[in-house]
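Work through the exercises below with the sequence and the structure in view. Try each task before reading its solution.

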Amino acid sequence: MTAVVRGALVDVYDTILKSVFTDRVMALAGPLGIDVQDWLAEFIKTRDDRDRGRLSTAAAFDRALRGCGIEPADGLVEDLMRRDAEFSYAHTRLYDDTVPFLSWLREQGTLIALVSNCADTTRGLLEHLGVIPLVDAVVLSCEVGSMKPSPEIYVTALADLGIAAADAVFIDDQPTFCLGAEAVGVRPIQIARDSVDNAVGGAGWDFPVVHSLLDVK
């Protein structure tokens, strides 16, 4: 970051931590006695509503069960929520460069906002991983009702940090979300980790691409 930067907007999944979404949802299917792919497909149908805060994860599990032809027995959704959290907490890890990078930003006096498209289980996961004390704001789509690449979520993050778009950078693994940041005047940087199958570069964008958060320095 050669220009003066007052704030950094940083994505969560596949940027500071490796997403285990598919694995965790599939792990819930076995004890239910239903086809794993059917269960995954039904749950994925609820993604937009979950990420916009229109549907809780518990309600999404209920809807997915019914979509698979299961009338949820008393306590079943609560058990799924418990098992889901246990799996996420046991298997989700921060990338090795995450804490050093966030610490470096703090040392530079750079304000940090996590900005994620996610459901209502993400804040608890971030608390479990000890990330929240390392940043200044946490802007989750399920809580603000806006998803990347819509401008509102970026504007909310900037407002939470009290900075102008021109004084911020945005780091995300998704190029379309980088374009969304660019559209509101925030300088985007795409992170393309080797373990993530993702498009790098393309027509209509020329922002920097890094392979580690430490390369952002």
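**Exercise 1: burial of a strand**

Find how many residues of strand E4 (residues 168-172) are buried.

Solution. Strands (E, at least two residues) and helices (H or I, at least four) are DSSP runs, numbered from the N terminus. Buried means under 20% relative accessible area, exposed over 50%, and partly exposed in between (1.4 Å probe, protein chains only). In E4, five of its five residues are buried, and the strand is mostly covered. Next, sort the side chains: Ala168, Phe170 and Asp172 point one way, Val169 and Ile171 the other way, and all are buried.

The model is predicted: local features need pLDDT of at least 70, side-chain atom pairs count only at pLDDT 80 or more, and totals for chains, interfaces and linings use all residues. Residues are numbered from 1 along each chain as its sequence is written, and side-chain values use heavy atoms, without hydrogens and water.

**Exercise 2: partners of E4**

Identify the bridge partner of Val10 in E4.

Solution. Two strands pair if DSSP finds at least two bridges between them. Strand E1 (residues 7-10) runs parallel to E4, joined by four bridges. Within E4, Val10 has Ile171 as its bridge partner. Strand E5 (residues 187-191) also pairs with E4 in the parallel sense, over four bridges. There, Ile171 stands opposite Ile189.

**Exercise 3: placing Gly69**

Decide whether Gly69 is buried or exposed.

Solution. Gly69 sits in the loop between helix H4 (57-67) and helix H5 (76-91). Its relative accessible area is 66%, so Gly69 is exposed.
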